[in-house]
Amino acid sequence: MKTRIVTVCMALFMAMSWNAWAQTGGSPKGRVTIPLKHGSDHPGKRTDADMERWRGYGLGQFIHWGVYAIPGGEWNGKTYNGAAEWIRAWREFPREEYDNLYKQFNPTGFDAKAWARMAKKMGAGYLIFTTKHHDGFCLWPSRYTDYTVAHTPYQKDIVGQVVDAYTAEGIDVYLYFSIMDWNQGGWLYQPPKNEEEKARWEGFKQFTRNQLLELLENYPQIKGFWFDGTWDASWVGEAEFAHELEQELRALHPGLIIGSRFRADEYGNRRYDLNGDLIGDYDQTWERDIPTDIGQLRGNDWDCCMTIPENGWGYAKTWTTYAKTPYELLSMLSECNSLGGNLVINFGPDGNGHFRVEEQQIAAEIGRWMDVNGEAIRDAEPAAGVHKQGWGFMTQKGNRLFLHVYNQPLNNVLRLVFDKKTYVPGRVKLLDGGTALKVEDAGRNKQNARLFNLYLPEGKTFAGPFVVEVELIDNNGDQDAYQQAKV
Ligand code: FHN
């Protein structure tokens, strides 16, 4: 008996230490892995065409829309301090009134085609659209609840219109779906404690499955799901159910893309399983946050979802916090892509289906930049063999290196620092207009890295961020390659 207790304790201790190791980022090389039933299904990146396409988007649009757009962050003359789409959780807002807001939902100004045109002009490669947020209100006519758009004065299927309009513009659609559902009596925060709760919870699980199958059946053009509201112990404890459901969805829709937020492993690990492998197809953790270096991503795909105000995704009548400028958002776009991720900018239309003026301006300004410089974003990869400099960020496509310049140097000289024995620059030009830049070999630094100076046109002050394209010639250690490249 004593031996059994000691063995159990040792196994527990090992599992806990392993867990801690995995969460803090253990080395994947030469490691010992614990067999998991519900861990990662594909350690490392997916290499199929759908995922390649996902990787190439560069820029995405997120839209949060629901009945929370009606109060727009205000109730009874008071402004809610939290994110507008969470206003139902505000003590001051009577639940009953919130749950009846759908009776006023009649966005006659909603025009899915106009939304899609705006996204296209912005340069978005994909859309993530809220089918159902935490409040449980469904923007599609679900057969499994009455709390849907079909029971509003508007009546028409909004998800369907959005999916069709964006798909027609060549923008891939991903459906946001909150597992946590405040409108369903069956939803629990903690695992069920008694028979009555068990029955309710089982009903809720089936409801969730039904809704997801329904979405796939209704909108076969979609490319994936973007899950949210999966952090509570009730759902985290459902590794087997969630894994089976995920496999069912994938079998029904080959190529389906699902991020890291859907399910946990059997030890309750979210995002990374006990072995330190990403659960899902890409890392969904980077919400309003950008990794500081590429190592933090452990070789996984990722995207960053960004709000324009500090926080708050649904429409708020007043933006009470700092709101980002187009310049900052562009800089984030370049930064994310330089680290191999996509940036997804969030928009929150009002209760009538209109984007606020500031959002329209941001979309237009980003679009103008993308029209000229999108080549440095779409299908681009992080630059390799070249060191980041203070003027901005870098991406690469084969032998084309893109310098995203956010700080025009006062001396108009862009310094390039290559690792020794890698590249030398061939032709160098501004992406906007194609003006060639003068290149100067600046020798080597103390670390023996090769240095080059690129001269921006004399006296020119750029009005915003710009991109320089550098043709890369692999000198393979050949000192004369630069001289040859010049002719
Ligand atoms: O609580 C939500 C929030 O309202 C919003 O939907 C964001 C989008 O990534 N996700 C949740 C918080 O992680």
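Biologist: Does E287 count as buried or partly exposed?
Modeller: This is a predicted model in which local features need pLDDT of at least 70 and side-chain atom pairs count only at pLDDT 80 or more, whereas totals for chains, interfaces and linings use all residues. Residues are numbered from 1 along each chain as its sequence is written, and side-chain values use heavy atoms, with hydrogens and water left out. Buried stands for under 20% relative accessible area and exposed for over 50%, with partly exposed in between (1.4 Å probe, protein chains only). Because its relative accessibility is 29%, E287 counts as partly exposed.

Biologist: With which residue does the side chain of E287 meet in a salt bridge?
Modeller: A salt bridge is a side-chain nitrogen of Lys or Arg within 4 Å of a carboxyl oxygen of Asp or Glu. The partner of E287, at 2.5 Å from N to O, is R261.

Biologist: How many residues apart in sequence are the parts that E287 and R261 tie together?
Modeller: R261 is buried, with a relative accessible area of 13%. Strands (E, at least two residues) and helices (H or I, at least four) are DSSP runs numbered from the N terminus. Both E287 and R261 lie in the loop between strand 7 and strand 8, so the pair ties together parts whose separation in sequence is 26 residues.

Biologist: Which residues are linked with R250 in a network of salt bridges?
Modeller: The structure holds 28 salt bridges. The network that includes R250 also links D41, R46, D48, E246, R263 and D281.

Biologist: Which residue caps the N-terminal end of helix 2?
Modeller: Helix 2 covers residues 49-56, and its buried residues M51, W54, R55 and G56 pack against strand 4, strand 5, strand 7 (257-258), strand 8 (303-306) and strand 9 (342-347), where contact means heavy atoms within 4.5 Å. After the helix comes G58, whose phi is positive, near 75°. At the N-terminal end a side-chain oxygen lies 3.2 Å from the backbone nitrogen of D50, and the capping residue that carries this oxygen is D48.

Biologist: Which residue follows helix 5 with a positive phi?
Modeller: In helix 5 (residues 158-168), the buried residues are I158, V159, G160, V162, V163, A165 and Y166, and what covers them includes strand 1 (59-63), helix 4 (112-122), strand 4 (126-132) and strand 5 (172-178). Following helix 5, with phi near 85°, is G170.

Biologist: How much space lies in the largest cavity?
Modeller: On a 1 Å grid over the protein atoms alone, a cavity is a set of points where a 1.4 Å probe fits but cannot get out, whereas a pocket is an open set with protein on both sides within 12 Å along at least five of seven lines, and lining residues have an atom within 4 Å of a point. Grid points are joined across faces, edges and corners, and a volume is the space filled by probe spheres set on the points. The count comes to 3 cavities of 30 Å³ or more, and the residues that line the largest cavity include W313, W319, R356 and E359. The space in this largest cavity is about 60 Å³.

Biologist: Which helix gives the most to the lining of the largest pocket?
Modeller: The largest pocket has a volume of about 380 Å³, and of the 18 residues that line it, the closest to its centre are W369, D432, A463, G464 and P465. Helix 9 (326-338), helix 10 (357-373) and strand 17 (466-474) each supply at least two residues of this lining. With 5 residues, the element that gives the most is helix 10.

Definitions and conventions:
Polar contact = N/O pair within 3.5 Å; in protein donor to acceptor, adjacent residues only side chain to side chain.
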